[in-house]
Amino acid sequence: MAEEFEQQWKRVLDMFTERFGKTPNMEAILFLIGAQELGNMKTKWTKEQKQDLMHVATCTLLSQSGYFELQGYDNDGWPHFKEAQPVPKMSMQEQERFLQEHIIAYFDDQEGR
């Protein structure tokens, strides 16, 4: 099971490396997912907007498991979520693995569209 997970995670990282020429960290992956969900790939973002994009990504990813629900969009097109159920308490390592699993599922879903 761990080997399968590692192969799936490597596939996601390889996809980013192929597209952008380097392997991204978790923050960069969340930023890119957030920008994709917003539907805006502009080149300049404020620090606050970058944080907001990572929040959008996290909520989008965790909505796959029912932790968040999309409430709608504001006038600027930004999605807003509400917590549907609390995310379980986890160690930092468990949180990273949890997010990685959701990122893998997100891109698997994207390929299936």
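1. Contact here means heavy atoms within 4.5 Å. With that in hand, look at helix 1 and helix 2. The model is predicted. In helix 1, Trp9, Leu13, Phe16 and Phe20 take part in the contact. Their partners in helix 2 are Met26, Ile29 and Leu32. By class, the residues of this contact are 7 nonpolar, no polar and no charged.

2. Next, the geometry of that pair. Two packed helices are described by the angle between their axes and the distance between the axes. Helix 1 covers residues 2-20, and helix 2 covers residues 26-38. They pack at an angle of about 75°. Their axes are 12 Å apart. Angles of 65 to 115 degrees count as roughly perpendicular. Helix 1 and helix 2 are therefore roughly perpendicular to each other.

3. Now follow helix 2 to its other partner in this note. Helix 3 spans residues 47-63. Helix 2 and helix 3 pack at about 80°, with axes 7 Å apart. This pair, too, is therefore roughly perpendicular. Helix 2 brings Glu27, Leu30, Phe31, Ile33, Gly34, Ala35, Glu37 and Leu38 to the contact. Helix 3 brings Lys50, Leu53, Met54, Val56, Ala57, Thr58, Thr60 and Leu61. The contact of helix 2 with helix 3 has 10 nonpolar, 3 polar and 3 charged residues. Compare that with the contact of helix 1 with helix 2, which has no polar and no charged residues.

4. Where is empty space left? Rolling a probe the size of a water molecule over the atoms shows this. The largest pocket holds about 190 Å³ of space. Its lining is Phe16, Phe20, Lys22, Thr23, Pro24, Ala28, Phe31 and Leu32. Divided by class, the lining has 6 nonpolar residues, 1 polar and 1 charged.

5. Which helix gives the largest share of that lining? Helix 2 does, with 3 residues. Helix 1 and helix 2 each supply at least two lining residues. Some names return here. Phe16 and Phe20 line the pocket and also belong to the contact of helix 1 with helix 2. Leu32 does both as well. Phe31 lines the pocket and sits in the contact of helix 2 with helix 3.

6. Finally, step back to the whole chain. The protein has 4 helices and 2 strands. Along the sequence, the pattern reads α-α-α-β-β-α. The radius of gyration is 14 Å, close to the 13 Å that the globule rule gives for 113 residues, so the protein is as compact as a globular protein of that length. Its C-alpha trace spans about 45 × 35 × 30 Å along the principal axes.

Definitions and conventions:
Residues numbered from 1 in each chain as written. Predicted model: local features only at pLDDT ≥ 70, side-chain atom pairs only at ≥ 80, totals over all residues. Heavy atoms only, no water. Axes fitted to C-alpha atoms, helices over the stretch in contact; angles between N-to-C directions. Parallel < 35°, antiparallel > 145°, perpendicular 65-115°, else oblique. Nonpolar A, V, L, I, M, F, W, Y, C, P; charged D, E, K, R; others polar. 1 Å grid on protein atoms, 1.4 Å probe; cavity = no way out; pocket = protein on both sides within 12 Å on 5 of 7 lines; lining within 4 Å. Points joined across faces, edges and corners; volume = space filled by probe spheres on them. Rg over C-alpha atoms; globule rule 2.2 N^0.38 Å.
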